[in-house]
Amino acid sequence: MFVRNLLQAGDHVTIVPTGVRISLQYSENGLLEKVYQGYADNQILHQELLTPLLQNNSVPRKISITKGTSFVYGCLYTDKIYPTEGRLDKEVEYNYLTEYLKDPSKFVFYAGHIQSYAVGINLPMAVHRWLAAAGFNVLPGYVVPPSITEGTFSNMLNLDTFPFNYPRIQSYIKYRVGKYEFVSTKVKQIVVKKIKKYTSYEGFIMADIYSHDLGVLNSSYTDIVKYNIHPGSILLVNEENSIIDCYNPDKLKNKVQPAKINCDYCGKVIIVPSKGKVCCADSHCSSVILPHVEHMLNTLSAEMISRDEFMDYAKEVNHIVALPDILDLDKYKDKKFTVEISKLLYAVVPVTIIPNINVWDYFCSSCNNSVDSVKYYIQNPDKIMDDLNIDFNHFRRLHHWLQDPQNVNDVIGMIEHENIEVVASGKKFEGAPIFRGKSIYITGTFAHGNLEDIKSILSSYSAEVYDKFNTAVDCVIIGDLHERTSGRDVNKAKQMQIPIFEEKDFFAKYDIDNDLRKNVV
Ligand SMILES: [Zn+2]
């Protein structure tokens, strides 16, 4: 938070803790004559500070440099923390100033820099040496090492030798190639008024942290536990609005935000991690599943479900949602979805597992586009790697995902759902598109192969092929083996005067065997 953009290797930084930044003006005779709040261009004369500073022996009355005005920059420091809201170098600093004037004995002055019109003391080491020799307490300074990171920087300042409270730092005095600069950390302090826990659309458990005057801070619930935040806590927040520290006054000292919470939806126990985001551990919980449900409906070109509708439904089923049951909701129960098997898999398996429908195309073509074969490998994921053409990383994630029996049930349940019509995606060969725009219903057991084979053969002529009857089909083909034929559907077709063919007649009429011989090895 401080390091990026502010510091680079080789810089020397003097750390200015939270408190009141003070500039002391020494006269040509070396006597302390004026006191300002703030540094350099932003300093404001506060002569009322002169007496308490001298009375508490915080600063030398006289320095050895004469023949020109000198300024010593430093900070009045106390380890007390007051519930003030605002920037550490603005509102919080003004409050420290008020507190100092009430009771100067709580504060100690530390010096960090000297600028003199009489002598040039420029190198940071020389500055620090001079300040110590003149009788000042000196602010700690560090040389920034190569490859500095936030972590190494904070480790450096968390050492016992660092006398202040990290990261309660309001600014730095930075020296770079002979020049010095005062740099604000822009850290602000807020006092927590209340905390509202909620679950985001994606299922992350979040907290709205209300301050008294500085609005609402939106944060992961992880921070609430990590920093042990309660109403009344005093937070430090960086420029990016991330919490970097929390101070709890005495009355909150014994309070603990438990790392074990319950999911507001399914009630399961959630262990809040030490960093990152947190969500319900059950991947089927309604709190986390909505984006996935939307992806599924979108892929099936189905009407979207609103969050409220979904949550009402989830409440009914006690918040563990089986995907196929969504299609039984009133708004979908009379709808039919015609979908290729690879697209259905893309709809049902989260994109975090298999990101791209092309992977499913490979998977399905390796299964000869046979639905039975797809079902077999979904139920026997150990066999996928040996038998099928699938990238190892995809396989690893899919294999892991299929270890959860509910996931297997979701996939199989969707394939077998009565509202889903799985159509063959593959063609047996590139035939003339003589059945383009025609739909064919097939029933029974065929001499030319299983239903998937027949689908792919007929699809080769651009037919749409169904193994579930619907009244819009253009014709019906009955398998030659006369087993498992749906008499009810055949009768229905007869009543509706839909042409009905026997397998051998149909294949002969269109010379399909000849095409098969020519095209299929
Ligand atoms: Zn849950």
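**Domain arrangement, sheets and nonpolar cores**

The centres of domain 2 and domain 4, taken over C-alpha atoms, are separated by 64 Å. The model is predicted: local features require pLDDT of at least 70 and side-chain atom pairs count only at pLDDT 80 or more, whereas totals for chains, interfaces and linings use all residues. Residues are numbered from 1 along each chain as its sequence is written. The protein is divided into domain 1 (12-184), domain 2 (188-271), domain 3 (286-423) and domain 4 (439-519), with bounds that come from an automatic or database domain assignment.

Helices (H or I, at least four residues) and strands (E, at least two) are DSSP runs numbered from the N terminus, and two strands pair if DSSP finds at least two bridges between them. An open, antiparallel sheet of four strands has the order 9-1-10-11. Strand 9 (141-143) and strand 11 (179-184) stand at its edges, each with a single partner strand, so one side of each is left without a neighbour in the sheet. From one strand to the next, the twist averages 25 degrees; axes are lines fitted to C-alpha atoms, for helices over the stretch in contact, and angles run from 0 to 180 degrees between N-to-C directions. Strand 1 (residues 12-17) runs antiparallel to strand 9 and is joined to it by three bridges, with His 12 having Val 143 as its bridge partner.

A further open sheet, of mixed pairing, comprises six strands in the order 4-3-2-5-7-8. Its edge strands, strand 4 (44-45) and strand 8 (137-138), each pair on one side only. Five bridges link the antiparallel strand 2 (residues 19-26) and strand 3 (residues 32-37); Tyr 26 is the bridge partner of Leu 32. Helix 2 (residues 91-102) packs on this sheet, touching strand 2, strand 3 and strand 5 (70-77), and its direction makes about 70 degrees with that of strand 2. Contact requires C-beta atoms, placed from the backbone, within 7 Å.

A nonpolar core is a set of buried Ala, Val, Leu, Ile, Met, Phe, Trp, Tyr and Cys residues joined through C-beta atoms within 7 Å; a residue is buried if 20 or more other C-beta atoms lie within 10 Å of its own. In the largest core, of 108 residues, Ile 22, Leu 344 and Val 348 touch the most other members. Helix 9 (residues 341-348) contributes the largest share, six residues. Apart from this core lies another of 20 residues, including Ile 454 and Ile 457. Eight of the nine residues of helix 15 (residues 451-459) are buried, so this helix is largely enclosed by the rest of the structure.

Methods:
A residue is buried if 20 or more other C-beta atoms lie within 10 Å of its own, exposed if 12 or fewer, and partly exposed in between; C-beta atoms are placed from the backbone. Two residues are in contact if their C-beta atoms, placed from the backbone, lie within 7 Å.
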